[in-house]
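Good morning. Please look at the sequence and the structure first.

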Amino acid sequence: MTRHWGLTLVVCLAGCGFSSVEQRNIDTALNAGVKATQRNEFSEILSAVFAHDSPATPIIARYAEDGLFRSDQVQPWRPWGMMFSSATASTAPGSATTGLNVWKLDRRVPAVANTLVHERAHSFGFLHRCGETRAANLCDVAYVAGDLAEALSSHSCPGEPVCPALAAELQKRGLVKDCPQAREACCDP
Ligand SMILES: [Zn+2]
């Protein structure tokens, strides 16, 4: 029994797929993310927020050119100990695929869409400049793109405070009301 379990675990770590329920929820979130990123407001608001940030420009263009992940490019991520991690996903910079933390899938569809749009920035080669926390990188193109997709999908503010420049654009266009804003943070001096 123990040996059997061990073999199953090793096989699953190497590549078990999502359950049918998980796959259906991911495909629903992907669909929501695709719809959000194809809206005119997605590129318009990103262009407005990053008007003076030239490193963000090619990432914004890639969303328009290449779109979001295909369903088969979204894979389960089950590394050891992830049950206790707050990370929702992992994407190697430039990789065509992303890994979703299977322990963090029980979230609202627009929140999972947020994660997928965020991870797509990494698959386009984007790296956070200030470590890995949301708080320190809130106004970079990956976090703003993900939060924007969530706002467009849900017609409401994301559950956590967003970049002030994004909140201003969403509110100016009447897309959301009273979006909680975080203090803009960055590790740069
Ligand atoms: Zn990230």
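The strands make an open three-stranded sheet, ordered β1-β3-β2, with mixed pairing. At its edges are β1 and β2 (89-90), each of which pairs on one side only. Strands here are DSSP runs of E of at least two residues, helices are DSSP runs of H or I of at least four, and both are numbered from the N terminus. Two strands count as paired if DSSP finds at least two bridges between them.

Before going on, two notes on the source. This is a predicted model, in which local features need pLDDT of at least 70 and side-chain atom pairs count only at pLDDT 80 or more, while totals for chains, interfaces and linings use all residues. Residues are numbered from 1 along each chain as its sequence is written.

Back to the sheet. Strands of a sheet pair through backbone hydrogen bonds, either parallel or antiparallel. β1 and β3 run parallel and are joined by four bridges; Q75 has G99 in β3 as its bridge partner. β2 and β3 are antiparallel, with two bridges, and A89 stands opposite L100 in β3.

Now the whole chain. The protein chain has eight helices and three strands, and along the sequence they follow the pattern α-α-α-α-β-β-β-α-α-α-α. Of its 189 residues, 34% are buried.

Next, helix α2, residues 20-38. Its 19 residues reach 27 Å from the first C-alpha to the last, close to the 27 Å expected at 1.5 Å a residue; the expected span is 1.5 Å times one less than the number of residues. The buried residues of α2 are I26, A29, L30, A32, G33, A36 and T37. They lie on the same side of α2 because they cover an arc of only 165° around the axis. That arc is taken from the directions from the helix axis to the C-beta atoms. On the face turned away from the buried side, α2 carries the exposed residues S20, V21 and R24. The elements covering the buried residues of α2 include α3 (40-49), α4 (57-66), β1 (74-77), β3 (98-101), α5 (109-123) and α7 (141-154).

In helix α8 (residues 164-172), the buried residues are L166, A167, E169 and L170. Seen down the axis of α8, these fall within an arc of 165°, so they line one face of the helix. They pack against α3 and α7. Just after α8, G174 has a positive phi of about 70°.

Last, the core. A nonpolar core is a set of buried Ala, Val, Leu, Ile, Met, Phe, Trp, Tyr and Cys residues joined through C-beta atoms within 7 Å. The largest one has 43 residues, and L46, L116, V141, V144, A145 and L148 have the most contacts inside it. α2, α3, α4, α5, α7 and α8 each give two or more residues to this core, and the largest share, nine residues, comes from α7.

What does V144 touch, leaving aside its neighbours within four places in sequence? V144 is in contact with L46, V49, C139, C163 and L166, where contact means C-beta atoms, placed from the backbone, within 7 Å.

Conventions: Buried ≥ 20, exposed ≤ 12 C-beta atoms within 10 Å, placed from the backbone. Contact = placed C-beta atoms within 7 Å.
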